[in-house]
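Work through the exercises below with the sequence and the 3D view open. Each task is followed by a solution in steps.

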Amino acid sequence: MAVKDFYKNGCARWRVVFQPQWQVLFFISCYIPFAISQIRYSIPEEMSKGSLIGNVAQDLGLNLKRLLTGRARIVTGESTRYAELRTDKGLLVVSERIDREQLCGDVTPCSFSFEIILENPMELHQVTVEITDVNDNSPVFENNKISFEISESAALGSGFALERAYDSDVELNSLQNYILSRNDYFVLKQNSNPDGSKYVEMVLDKALDREEHPHLSLKLIAVDGGSPQRSGSVNIEITVLDANDNAPVFNQTVYRASVTENSEKGTPLITVNATDADSGTNGQILYSFSDIKEQFKDIFNIDGNTGQITVIGDVDFEKDKRFEIRVKAKDQGGLTSTSKLIIDVTDINDNAPAINVMSLSSPISEDSPPSTTIAIIHVKDADSGRNGQVMCSIDKNFPFSIKSTLSNYYNLITDAFLDRETQSEYNITVIATDSGSPALSSSTTLRLKVSDINDNAPVFDRNSYSAHILENNEPGLSICSVTARDLDWNQNSRLSYFLEDTQIGGVPISSYLSINSENGIIHAVRSFDYEQIKQLSFVVKAQDGGNPPLSSNVSMKIMIQDQNDNAPQVLYPVQSGASVVAEIVPRSADVGYLVTKVVAVDVDSGQNAWLSYKLQKATDRALFEVGLQNGEIRTVRQVTDKDAVKQRLTVVVEDNGQPSRSATVNVNVAVADSFPEVLSEFTDFTHDKDYNDNLTFYLVLALAVVSFLFIVSIIAILSVKCYRWRRERMFYKSGANLPVIPYYPPLYADVGGTGTLQHVYNYEVCRTTDSRKSDLKYGRPCSESIISLDSSGTQTLTYAQRGNVINEEFEDQQKPPNADWRFTQNQRPGPSGAAATPEVAVGTGPWPNPPTEAEQLQALMAAANEVSEATNTLGPGTMGLSTRYNPQFTLQHVPDYRQNVYIPGSTATLTSSQQQAQQALPPQQAAIAAAAAQPEPPKAAQTPASKKKPTKKEKK
């Protein structure tokens with residue numbers, strides 16, 4: 001186990017503890033960008049999978065949490081992974097069965113190495129595991145049998161080389177001893193090579209006698225030093241020949257040669273030479289390899305006759321740096337001798353460096369400080385000497401550098417701050433070059449991505465924006481869009497658009513506009529009116545999605561364009577329904593006389609507010625004209641006496657918009673020299689107005705009200721008739737002497753009533769606000785159509801028959817009218833001087849009781865009062881005439897014709913004077929008339945104009 005022992009200056013010292021079965025070597029390096037240590041374990045071969053190699057966490061002084069957070073892992077490169085790191089326990093265990101002979105062959109000591117890498121911070125720990133040998137292989141001879149032909153004349157002490165046994169194990173477990181089976185002729189002699197290997201010879205200890213023993217069988221046993229001990233054997237067959245008493249002899253005990261790796265096949269290396277003192281066939285020598293490994297047989301060859309050794313296979317310095325081969329010379333008599341051949345391999349630069357990326361931190365943040373380690377690279381060259389010396393380099397145009405920290409290890413670090421917006425990805429080519437001649441190199445490309453941080457604020461593509469929109473737009477209309485770019489990536493470049501809080505006329509901008517936060521499209525929230533607001537100035541904010549977010553602003557101005565949506569407004573002459581404005585033109589006016597000027601304005605702007613004036617219609621078009629631009633109304637000819645006093649001009653004021661809008665104004669012109677003439681013509685001018693714009697609405701409303709009242713009346717009449725019909729049916733079926741309530745159809749009076757007017761008269765009254773237009777018609781009663789029901793309700797009676805039935809059922813009979821209430825014959829309605837008919841005189845016929853004069857007076861007075869009330873609504877005024885002509889002229893100067901009431905068909909004249917009414921009536925009737933009449937203010941005298949008006953009304 002390794003024990004950590006550090007000096008205060010940061011350096012480390014070695015401390016190694018040896019144990020019987022395994023050992024640990026621990027090393028810490030200092031003053032490097034990351035921690036590096038070395039540790040060594042020793043384990044026997046053939047350990048089962050999962051066997052413990054060592055406690056890495058304890059030996060390195062690391063806790064288990066560090067192994068997990070640092071993502072500790074084993075990097076073995078291209079070799080087989082024999083070890084496994086269990087980060088949860090910090091243990092290093094065997095992952096594959098380890099065969100030392102397969103891993104290292106004859107090389108000793110045998111070991112394999114790997115690296116353990118930890119991140120955050122970067123740590124590199126090199127682990128070497130030495131594999132100790134166990135006695136798992138027995139000595140093995142290449143051939144199952146060794147044959148010798150020995151002459152019987154062979155001298156005592158002659159040696160016969162035996163085949164060597166091979167044991168894959170090393171040290172004590174390797175081949176240790178040979179044993180020859182017991183015999184009378186031969187003994188075994190063991191010799192050692194300079195490298196420590198052993199070879200044996202069989203030495204003749206007793207002369208052979210072919211006649212006694214022509215054939216001998218022996219056994220050679222090879223024994224190793226392991227525990228338990230293992231052995232191998234081979235049979236030796238000896239044929240005794242006739243005498244050949246001289247064995248071949250090599251001229252050198254050891255031969256040396258060199259060969260360059262990758263030499264061509266057939267390249268000669270060396271020629272061995274041996275001599276035999278015998279002659280004839282016994283002096284002929286045959287050369288061969290006596291002790292050679294199986295893999296060497298495919299590389300070298302020896303000519304049996306000449307002894308020349310040549311290359312027949314691939315010579316690789318990286319696999320075998322030296323070859324040791326024994327060469328045997330044998331004569332025809334069977335005598336042999338051996339010599340040693342050593343072949344050294346010369347290295348050439350035939351291997352390019354191998355690059356292995358141990359760790360790569362990608363992506364790397366663009367705000368990483370300089371000297372940040374990006375990657376750890378391991379470079380290895382299989383060549384030796386200068387051919388194996390490697391240097392690494394990268395492109396100098398990149399902000400990176402590569403530095404060597406340990407032998408064959410390089411760190412790739414940053415030289416400056418990175419900017420992802422300038423370059424988001426680097427393809428770094430690492431080139432490893434050896435020092436051979438010619439130099440060989442290899443390269444690998446590291447793809448390094450730079451991660452983004454939110455270090456760039458959004459940038460608008462313009463310094464300011466402006467847009468135009470027509471007024472009266474639809475809400476939600478897209479006006480324009482703003483666009484910003486963010487050089488950052490992903491979430492840091494995801495932009496959102498907002499409207500900065502801005503007050504426009506005390507109203508927030510959000511009440512006018514809205515912006516799509518994703519694409520920056522600006523929409524109108526409401527419909528704009530150019531006359532209220534002409535432009536909107538505000539600020540748009542673009543904000544990215546980074547943390548913390550960055551933002552930028554841009555000013556925006558939206559100009560509202562005018563539309564021709566306002567008609568011209570006439571300021572003068574003022575149009576009023578209560579009065580009539582008239583301009584007076586004297587009959588002596590010359591051509592071009594300025595009558596008046598139409599003044600109008602248009603709240604629109606530009607050409608939409610350019611106004612033109614046209615004369616649409618006029619009473620006399622040849623008399624007036626209107627200025628196209630100034631609206632001045634002038635005469636175009638001399639005024640004559642034939643021209644009408646009352647002139648009406650309709651002027652159209654039109655703007656220049658598309659489409660154009662217009663307004664009309666009526667100008668009343670009076671062509672007269674005196675004001676009374678003007679007054680007589682414009683008395684009822686107020687009533688000759690154009691139809692009101694809402695006339696249709698009022699007509700529909702009136703129709704609806706009349707229809708509703710009509711339906712309600714029909715329902716009420718039907719309900720009353722049904723109710724009365726059911727009551728009469730009930731009284732009829734009962735048979736009792738119940739009082740019968742007579743039925744009177746609507747609009748018909750009962751003669752038994754006590755009212756003032758016992759009969760129905762139809763009056764058609766036509767009233768206007770002017771008393772001079774009122775008209776009243778008195779109709780005759782339709783006595784023939786008056787019907788009634790009898791008390792049983794089963795028949796229809798005439799008026800006379802109904803009177804008989806009423807006289808039978810009621811005690812109170814109808815009283816004759818009082819003669820005092822009647823007018824004289826000359827005062828009754830009808831033609832002047834008409835005489836009364838007999839029916840009227842005696843009170844019989846269809847109208848037995850005609851209405852009295854008092855009743856007629858009451859009806860006429862009521863009609864007169866209604867006319868008076870309607871006329872009072874006009875009130876005092878100027879009759880619409882402009883006060884600038886005669887402000888003293890009012891309606892008080894116009895006579896009121898309500899004082900006298902004319903009864904058509906009668907010579908009687910009714911007045912509103914109380915004295916006249918009381919003189920025309922009896923005392924009781926005069927009191928009633930005085931109570932019914934309303935006091936009226938004194939009226940003005942009658943003018944001649946009042947006599948023209950009824951005639952004009954009749955024409956209409």
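The model used here is predicted.

**Exercise 1. Aromatic pairs**

Task: Classify the ring pair of Phe148 and Phe160 from the distance of the centres and the angle of the planes.

Solution: 
- The structure holds 14 aromatic pairs.
- For Phe148 and Phe160, the ring centres are 6.0 Å apart and the planes stand at 70 degrees.
- Centres must lie within 6.5 Å for a pair, and planes over 60 degrees apart count as edge-to-face.
- The pair of Phe148 and Phe160 is therefore edge-to-face.
- Phe148 belongs to strand β11 (residues 145-151) and Phe160 to strand β12 (residues 159-161), so the pair ties together parts twelve residues apart in sequence.
- Both Phe148 and Phe160 are buried.

Task: Which class does the aromatic pair of Phe160 and Phe186 fall into?

Solution: 
- This pair has 6.0 Å from centre to centre and 75 degrees between the planes, and is edge-to-face.
- Phe160 in strand β12 and Phe186 in strand β15 (residues 186-192) are 26 residues apart, and the pair links distant parts of the chain.
- Phe186 is buried, as is Phe160.

Task: Which residues do ring pairs link into a cluster with Tyr82?

Solution: 
- Phe112 and Phe114 are linked with Tyr82 into a cluster by ring pairs.

**Exercise 2. A surface patch**

Task: Decide whether Phe708 is buried or exposed, and name the surface patch that includes Phe708.

Solution: 
- Phe708 is placed in helix α5 (residues 695-734).
- Its relative accessible area is 54%.
- The cut-off for exposed is over 50%, so Phe708 is exposed.
- Phe708 is part of a nonpolar patch on the surface, together with Phe697, Tyr698, Leu701, Val705, Leu709 and Val712.
- Together, the residues of this patch have about 700 Å² of accessible area.

How values were computed:
Residues are numbered from 1 along each chain as its sequence is written. This is a predicted model: local features need pLDDT of at least 70, side-chain atom pairs count only at pLDDT 80 or more; totals for chains, interfaces and linings use all residues. Side-chain values use heavy atoms; hydrogens and water are left out. Patches are made of residues with over 30% relative accessible area and no salt bridge: like charges are joined within 9 Å, nonpolar side chains (Val, Leu, Ile, Met, Phe, Trp, Tyr) within 5 Å. Accessible areas come from the Shrake-Rupley method with a 1.4 Å probe; for residues, only the protein chains shown count as cover. A salt bridge is a side-chain nitrogen of Lys or Arg within 4 Å of a carboxyl oxygen of Asp or Glu. Helices (H or I, at least four residues) and strands (E, at least two) are DSSP runs, numbered from the N terminus. Buried means under 20% relative accessible area, exposed over 50%, partly exposed in between (1.4 Å probe, protein chains only). Rings of Phe, Tyr and Trp (its six-membered ring) pair if their centres lie within 6.5 Å; planes under 30 degrees apart count as stacked, over 60 as edge-to-face and the rest as tilted.
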